[in-house]
Amino acid sequence: MTRRVLLHVGAPKTGTSFVQDILFTHRALLRERGILYSADRHDAHFLAALDLMELPWGGLEREAAGAWERLAAEVRDWPGTSIISHEILGTASRVQVARALASLGDRSEVHIVYSARDLVRQIPAEWQENVKHRRTMQYGKFLENLRDEQRSTEVVQWFWGVQEVPDVLDRWAGSIPRERVHLVTVPPAGSSPTLLWERFAGLFGIDPNELVPTSRANASLGVPESAMIRRLNERVNDVLPGPHYRTFVRELLVHENLSGRTGSPRLSLPEDAHRWASDLARTWVSELAQRGYDVVGDLDDLVPGPARPFTDPDTVDERDVADAAIDALAIMTRETARLRDVEVELHGVIEDLMGQLDRFHGTRSYRLKERLVAMSRTNTLARAGLSVYRRLRGRRSRST
Amino acid sequence: MPVTGTDPTYQHAVSAWAAHLLAGGTTSWADWRRRATDARADVAVLEPLPDATHLELVRRVNLEAGPGADLAGLADRILATPAPGRGLLDVPLPWTGAPRRFGTPPIDPALLPGEELVRLAVGVLAHLLPGVRPPAPDEPQRPWPAPWRRRFRLHGAPATVAAVRRHLLAQGYVETDWRPTHVVIGRPVEVMMAEHWGRVVRAGGVVKWSRLWRRAEASGRLPPQIDVAATAARLRDRRREPLHVVVARDAGDAAALAAGVLGARPPGVHGGPDVALSDLVRRLNRLAVLTQGPDQVRVLARTLVSVLGADLLSPGAPEPAPPQASLPWAREVAAAGAAALRQAGYAVHGDPGALAPTEHRLPGTVDRERTLALAVRACIRIHELERKS
C-alpha cells in the first residue's frame, strides 16, 4: 500500500474547522478504513502547527512543545493514508515547509491540499476573526493596511501569509509534483450546503454521506456585534488573561450567543475595496489556471460576486451597538450568577470538609501526636523517637 | 522576463552572496550587486533559497565578530533556523528582474525592520542556548546569624536591593525576619518598573514593557514589590521594628543611604536596569516554551543573562523611560507615593520627590537595535563557548 500524506494547510475560513471536526469525531472509524487522523484532542493538529512554526499563541503554546514531531512520527509509522489539517500551516516559511516535509519521511507520497474562498468573502471574515482574537484595529484601518504594498503591520503579514493563494502554494508546493497539489474551492454563496464537504470527502477517499459533523460551523457575527466586541477588547485587553478571554468572550459571548443573533447586517466590503479585491482575485485565478494543479471544484468559485450592501462597523448605528452590548451584559450577568451559585456550593463543600478535619483533630490520638511533634522541636529524645516512628510508618506504608 | 523568485540569475546571485557571508564576508547586498557584474553560475544554488532576513543577520554577526573571527558553523545554523512567530515571510532581495506578483515584496536587507532581525536572532538563540551549561544560581553567601551581627531586611527596587544586599552580606550583616531593621529603597518610578520587569522576565515572564505599564495603570497601583509607600505602611502597621525609607534617583546614592542607615560602609553600586536585555529575555521566554518546553524557560533565561555577563544593574545601560502614554500616570503615582512618604511619620532619607519619573523626553520604548545587538553578541558568545568545550 502506498503511504500517502494529505497535508491540508489552509486557508482559514474555508470550512476547515468543520472538516477537522468530522475527521476527529470519526478518527476510529477512519483508522479501520486505513486512514489516519492522529489526534488525542480536538486541537492536536493546531498544537502541532504551533510547534512547527514556533508560533506563540496566547499561552496555548505551553502545550505544544514537541507536538509536530510526535504527529510526524505517527504518520511515518502509518502504512496507509494520513491526514494532517490545520489552516494556520498556510503561513509557514520555506524553511519551515522544508522541515515539515523532511519530518514526514522519504517514503511518503505527500499531497498538499489547500482550500480557498473568494477574496471578497475572506477579507471581512478575517477581520472578524481578528476581533475574536483580541485585536482592536478598526475595519477601515484594516482595509487600508491590506492595500499597503510593504505589508508593514503584523495583522496584514498574517492575512497574506494564510490567504494569498499563489504564494501559499509557492511555499508549500514548490517541490511537489503539480498533480499532487489539490486546490479545493469553496462554492459560492447559495450552493448546496453539503457541496464543500463532498469535495473534501472525495479528495480524502471518504463517503460524504457516511460521516457527518457533530457540531455546527462557527457562525459569523453581525456588524454591530463585531463593533461591540472590538470596543470590548479595548477595555479588557490589559486586564483579562488569555484563558478568561477565550472562555468568556470568544466562546460564551461570540460563539454561543452573539453569532446566533439574527437581523443584524452582515459584514461586506465597501465599493472601492470590493473593486480592488475582485481585480486581485482575478489575477490569482489566472495565475492558478496556468499552474496545472488539481482543482477540486471550479476556479471560477474564486472570482468574487457582485458587491453586497455595505454597513460600516466603524460608524454603525450606536443604538444597534448598544442593543448588542445589553444582550452581552445580560449573558454575562447570568453567567456571573451561575458561577456565584457554584462558588456558594463549593463553600458548602469546604465547610463540610473543614468540619470533618476539625473532628479528626479533636481525637485523643491526634492531640497526642501533635504534642509529640511540638516536643520534638526542643527535645532531642522526642526528635529521635519521632524520626524512628516516621521511618517505621514509611516502611509499613510502602509494604501495603 | 522571469519573475524574481524563479529567475536563475537571482538564485545564483543570492547563493553567491550567501557563500560570501558564510565565509565571513560583510559586504552589503547593495554593494555586492554593484560589484558582481554577472551572477556566478558556478555557485551551487541553495535550497531553500535564504531570504533577506537570514542573510542580513549573518552579515550583522560577521560585522560584530570582526575580521578573522572563526564563526564556522554559526552562519549555517542561522540559515537553517526558521524565523519564529509572526512577521514578514521569506523576504526576497531587490533584483533587476520583474518583481514577483505575489508574496512579500523585496526589501534591501540593510533596510529591513529591526523587528524582523530580532525575531530571527531570538529563534537562533532559542536553539543555541540549550547547548550551553546553565550557570549555578547566583546566591550570595549568607553569614551565620550570630546574635551580635546587625540584622536587616531590604524591600523596594529589586535590582538596587539585590546589589545593596550583596554588599551588606559581604560586610557580615544578616538578613532575617527576626527583629531586623527594615529599609525600603525607592528610586524613580520608571527605574523601579524597569528593575521589576527585569526580575519578572528572569523568572520566565513574557509581558512587554508597554503592557507592564498599562496593566499597572489599569489596576491603579504599582506592582506591590515596588510600591514604596504601601510597603512602608504595611511594615509600620504590622511590626514594631525600626523602619527606614530611602529614596534617591541614583543607584549609588540609594545604596549609600541604605548603608548609612544600617551603619555599614557605603557600597559601590553603579548602573541601571537594561530594558533591552529584559526585552531580549522576554522574547526568548516566549519562544523557549515551544522549543524546549515550559520547564526549561527559566534555565534558558538565566543562561542567556550569564552568557552576556549581565547583572541586574548594568553600567552603561540607557536610562529607562515610561511609555509616553503612561507618563502622566507615572507622574501621578509617583506624586501620590511621595506625599504618602512625607506624611507617614517614619524615617525617610533622601527626597521623596525623587520617585518622580525623570523628564528626559525619551520615547519610552525599548531600543530594538540594542536588543538586536545583545542577541547578536549572545549568538557569537555561545558559538565561542561551544568551540572551547
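Biologist: What stands opposite B:His155 in β3(B)?

Modeller: B:Val184 does. The model is predicted, with pLDDT of at least 70 required for local features and 80 or more for side-chain atom pairs, while totals for chains, interfaces and linings use all residues. Residues are numbered from 1 along each chain as its sequence is written, chains are lettered from A and ligands numbered from 1 in the order written, and side-chain values use heavy atoms, without hydrogens and water.

Biologist: Why are β1 and β3 of chain B called paired?

Modeller: Pairing takes at least two bridges found by DSSP. Strand β1 (151-156) and strand β3 (181-186) of chain B are joined by five and run parallel, so they count as a pair. A strand here is a DSSP run of E of at least two residues, a helix a run of H or I of at least four, both numbered from the N terminus.

Biologist: What makes β2 and β5 of chain B edge strands?

Modeller: The open sheet has five strands in the order β2-β1-β3-β4-β5, paired in parallel. Both β2 (174-175) and β5 (347-350) of chain B pair on one side only.

Biologist: What is the strand order in the open sheet of chain A?

Modeller: Six strands of chain A are ordered β2-β3-β1-β4-β5-β6, with parallel pairing. Five bridges link β1 (4-8) to β4 (109-116) of chain A, and A:Arg4 faces A:Glu109 in β4(A).

Biologist: Why is the meeting of B:Arg214 and A:Asp238 called a salt bridge?

Modeller: The rule asks for a side-chain nitrogen of Lys or Arg within 4 Å of a carboxyl oxygen of Asp or Glu. The N to O distance for B:Arg214 and A:Asp238 is 2.8 Å, so the pair qualifies. Between chain B and chain A the count is four salt bridges.

Biologist: Which helices of chain B supply at least two residues each to the side that touches chain A?

Modeller: They are α4 (74-80), α5 (114-128), α8 (209-219) and α11 (275-291) of chain B. The most comes from α11(B), with five residues.

Biologist: How many residues of chain B and chain A are in contact?

Modeller: With contact set at heavy atoms within 4.5 Å, 32 residues of chain B touch 39 residues of chain A.

Biologist: How much area do chain B and chain A bury between them?

Modeller: About 3000 Å², 57% of it on carbon and sulfur atoms. That is accessible area (1.4 Å probe) lost on putting the two parts together, summed over both. In chain B, B:Arg86, B:Phe102 and B:Leu290 lose the most to chain A, together 27% of what that side buries.
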